[in-house]
Protein chains: 2
Amino acid sequence: MTSAFLEAAARLLGPKGLTTDSHALAPWLTDWRGRYTGKALALASPASTAEVSALVRLCAEHQVPIVPQGGNSGMSGGATPFDSGTELLLSLRRMNAISSLDRAAQTVVCEAGVILQTLHETAAREGLRFPLSLGGKGSATIGGLVSTNAGGTQVLRHGSMRALVLGLQGVLADGSILDQLVPLKKDNRGFDLKQVLIGSEGTLGIVTAATLRLVPDIAGRCVMWAGCATLDDARALLVMAQDMAADLLEGFEVLPRHSLEAVLAYLPDARSPLAAPYEWHALIEFVAGDVSTAARLPEIAEHLLSQAFERGLIADATIAASEDQAERLWLIRETISPAERAIGPAMQHDISVPVEAMPAFVDAAVPRLEADWPGTTAVCFGHLGDGNVHFHVIAPPGADRAVWEAGDGKAISAQVHDMVTQWGGSISAEHGIGRLKRDELARLGDPVALSTMRAIKHALDPQGLLNPGKLV
Amino acid sequence: MTSAFLEAAARLLGPKGLTTDSHALAPWLTDWRGRYTGKALALASPASTAEVSALVRLCAEHQVPIVPQGGNSGMSGGATPFDSGTELLLSLRRMNAISSLDRAAQTVVCEAGVILQTLHETAAREGLRFPLSLGGKGSATIGGLVSTNAGGTQVLRHGSMRALVLGLQGVLADGSILDQLVPLKKDNRGFDLKQVLIGSEGTLGIVTAATLRLVPDIAGRCVMWAGCATLDDARALLVMAQDMAADLLEGFEVLPRHSLEAVLAYLPDARSPLAAPYEWHALIEFVAGDVSTAARLPEIAEHLLSQAFERGLIADATIAASEDQAERLWLIRETISPAERAIGPAMQHDISVPVEAMPAFVDAAVPRLEADWPGTTAVCFGHLGDGNVHFHVIAPPGADRAVWEAGDGKAISAQVHDMVTQWGGSISAEHGIGRLKRDELARLGDPVALSTMRAIKHALDPQGLLNPGKLV
């Protein structure tokens, strides 16, 4: 059976399209964080949607499970096969054409394998930009970003990937092609099937192309850094910034004293943006798409900060005077993850609660965890503007990584997820469920939502061949 | 069977919650446009989500089909029962509480029966606004607007209802309650089930409440009217307005000479905004949420119009000098439908194509139809900014309404839908499918999309009791 399938697949895809060579396969069998390593029957790399369609039909006939993979930079193991060796790893990296870019309409049609950074560069050459970025931009593909509804630091203004997808093409479990690439701003012809595929992590279909929204290139930006006594003050500053300039507010990130100190210890030539230490820091970015508004940004920023200072929300602040300074402020934010990791083992959680509840949640959860697990340090940082923080719990000094992660660490994660659920929040704000959080979703998810998801999964993939064992 | 069901339902809902009285039922058995009249077993008006849940469970036990109805102002007959008299009409108008409004978070939680205008007024009292409006705002309910993914004239900037729904609560076919009211800006815990219910016209579940996005109240607006030689010039003006002030552009509507003349003939004291006649007219609105930007709006408007004049895109233009003048310009736009209807029988189509293709589509479709159907007049007006126009074909003078609508009119509609489909567009941009366009969707819809919709419908409503015979 298996050899019949492999022969047929090889005929279909040609020598560039299929390999069982273990060296060729190896890089794609371990997830980006190194948490999971699996085996695969073969690596299929079709060159077109028609080939994907024919391949999926072949898999359906032979009951071969498929693990679709984008840039292999996911955070939840959703693109890594299991150990069985019976799954076909499906890479869309060869399908990397930017099929068209319409400058006036500000849209771009990308095949699934287009790398995010390539899209950024292509849009920039046309005086436009694609307003979603994240750490893995050099490897993350459009297909993976759509399938996982990826986030990043610009969600506050531009939304997650879902908000940027205007059209979609995908291959369903029976090999049929759902083609909704034509971007219609209004279309009420029944259920919005694009929305069903977005964020479904390859369990309902394989995204083969997408039509994406572009925005005008940045005419100017203004980056600020403010020191606050409490996270609640930072949240009041956020509300003030939104009231004053919602259409300009591109980013609002927070980091606690612990994270800033970790970065300063980790980055050799980093300096604290402010003279004195503060418990909380806000990194704020205003962006203007036109030159005349861009010229007013420093004035608006000063107005915001002076008002916040008068109201006692901030103790000190600085405005980046150059693009170089702006980049140095963002570098601090972007270095938190590796800097915190360098301290020692940590359980990392990507959680969200309603934005307005975030300060109370953090103020309740952090001391509770540190009290329940003596020696640990709980650190929350990230996208306050989206109600999404990365909640890291660092092991007590000297803890053995493997022992701690499998024991106390696991219990700590369960407790974090319990607390988030009690607050009406999400145990996966932007990283998805994949393999990592499937059991936790089954444990804590709303039973009605879970049974509805399972019903949809069964309806669209009755044989259960699309990324089995992930998400649902 | 039926009497057992009615007795159980009466016990459950009490005297206010259930009636079989024909006078009480009558207003809700005919759709807003008077196209369809049906019969119903009874009218159920539950007072809470728990009652809706229990009622739907009861219906599932007794296999009683349900027709959910909001304000009964839909355009496609989606909320009108059929003739069988076996369907239960379910009104959520008693569930009309605005449960909470968070000024800082700019969110509001509404029960399904809240009327759009009530929401507008409530938001205004808090210095906020809900940026979706349409002709039926005095009767349309939040539940109906969500279920049909309603549009309107502000979609260009704020999106359709889908873009404004942050959280949702609904009752599924088995009576279970899907509660996703907590507004999380980021939540990647699997499929986004909210999106499945939005726009499903009550065929997958009954929307009982929604958390909606509010925006800052208008600090100022600037309304312009421009005369263009061609629709392509109007579209170039739109691109220019977007390039110059995308964040301010709240509306961009177009109307042809025919529509303006129809309105001037229909409204006793209306005057043409411009001295000379033009083939096309653009109604443009800039809106600012803050006072300082509001003060700059006239200057930005003048800059736009003078640039457009220099480039030869417009021949003449006027900027409303007062709120009164602005309202008079909008009144012209809002009177097109009744004014065109007063001329005689017409087939009306609510269609969309990609924005950039709209001028070419109209230039191809209008003369083609008028040539194929001598004596008819084809008129396109509406939301150019969304690629959505209302495409009316007026009968030859003297045509008998009933004969024409059932004969040539029907064939004309089929031809309009054929052309739209060939152009990659939608036969229902904002009015939904309901009963009116179900056969056309089955005829022209993508077979893969249709079979996927049917699979989802069957998975979530295996007995087919939710709004049967509508949409899918």
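**Entry 1: a term and the model.** I count a residue as buried when its relative accessible area is under 20%. The model is predicted, and I read every value below with that in mind.

**Entry 2: helix α10 of chain A.** I looked up which residues of α10, residues 257-266 of chain A, are buried, and found Ser259(A), Leu260(A), Ala262(A) and Val263(A). These residues cover an arc of only 160 degrees around the axis, so they lie on the same side of α10(A). I noted the background: an α-helix has 3.6 residues a turn, so residues three or four places apart point the same way. Then I checked what covers the buried residues of α10(A). The cover includes the strands β12 (220-228), β13 (249-256), β14 (280-288) and β17 (377-383) of chain A. It also includes the helices α12 (323-334) and α13 (336-343) of chain A.

**Entry 3: the two copies.** How is chain B laid on chain A? I found a turn of 180 degrees and a shift of 0.0 Å along the axis, with an RMSD of 0.0 Å. The two copies are thus related as by a two-fold rotation axis. Of the interface residues of chain B, 100% are also interface residues in chain A, so the copies meet through the same surface.

**Entry 4: a record.** I looked in UniProt, where an unreviewed entry lists residues 36-217 of chain A as "domain: FAD-binding PCMH-type". Over residues 36-217 the chain is 24% helix and 24% strand. The end C-alpha atoms of this stretch of chain A are 39 Å apart.

**Entry 5: the cores.** Which residues touch the most other members of the largest nonpolar core? They are Leu212(A), Ile142(B) and Leu212(B), in a core of 79 residues. A second, separate core has 56 residues, among them Cys222(A), Leu248(A), Phe391(A) and Trp404(A). In soluble globular proteins, nonpolar side chains tend to be buried together. I then listed contacts of Leu212(A), leaving aside neighbours within four places in sequence; they include Gln106(A), Phe130(A), Ile142(A) and Met161(A).

Entry 6: Gln106(A) lies in the loop between β5 (98-102) and β6 (107-111) of chain A. Its phi is near 55 degrees, a positive value in a residue other than glycine. Is Gln106(A) buried or exposed? Its relative accessible area is 14%, so Gln106(A) is buried. Glu201(B) also has a positive phi near 55 degrees, and Glu201(B) is in the loop between α8 (193-197) and β10 (206-213) of chain B. With a relative accessible area of 9%, Glu201(B) is buried.

**Entry 7: helix α16 of chain B.** I checked the length of α16, residues 408-422 of chain B. At 1.5 Å a residue its 15 residues should span 21 Å, and the end C-alpha atoms are 21 Å apart, which agrees. The buried residues of α16(B) include Ile412(B), Val416(B), Met419(B) and Val420(B). Among the elements that cover them are α14 (358-372) and β18 (388-394) of chain B. After α16(B) comes Gly424(B), with a positive phi near 75 degrees.

**Entry 8: Val389(B).** Strand β18 of chain B holds Val389(B). At 1% relative accessibility, Val389(B) counts as buried. Val389(B) and His349(B) are 40 residues apart in sequence, and their C-alpha atoms are 8.2 Å apart in space. His349(B) is one of the contacts of Val389(B), and others include Ile351(B), Met358(B) and Phe381(B).

Terms used. Residues numbered from 1 in each chain as written. Chains lettered and ligands numbered in written order. Predicted model: local features only at pLDDT ≥ 70, side-chain atom pairs only at ≥ 80, totals over all residues. Heavy atoms only, no water. Least-squares fit on C-alpha atoms with pLDDT ≥ 70 in both. Contact = heavy atoms within 4.5 Å. UniProt positions renumbered as here; feature names shortened; annotations may be inferred. Helix = DSSP H or I, 4+ residues; strand = E, 2+ residues; numbered from the N terminus. Buried < 20%, exposed > 50% of the residue type's maximum accessible area, 1.4 Å probe, protein only. Arc of directions from axis to C-beta. Core = buried A, V, L, I, M, F, W, Y, C linked by side-chain atoms within 4.5 Å. Expected span 1.5 Å × (residues − 1).
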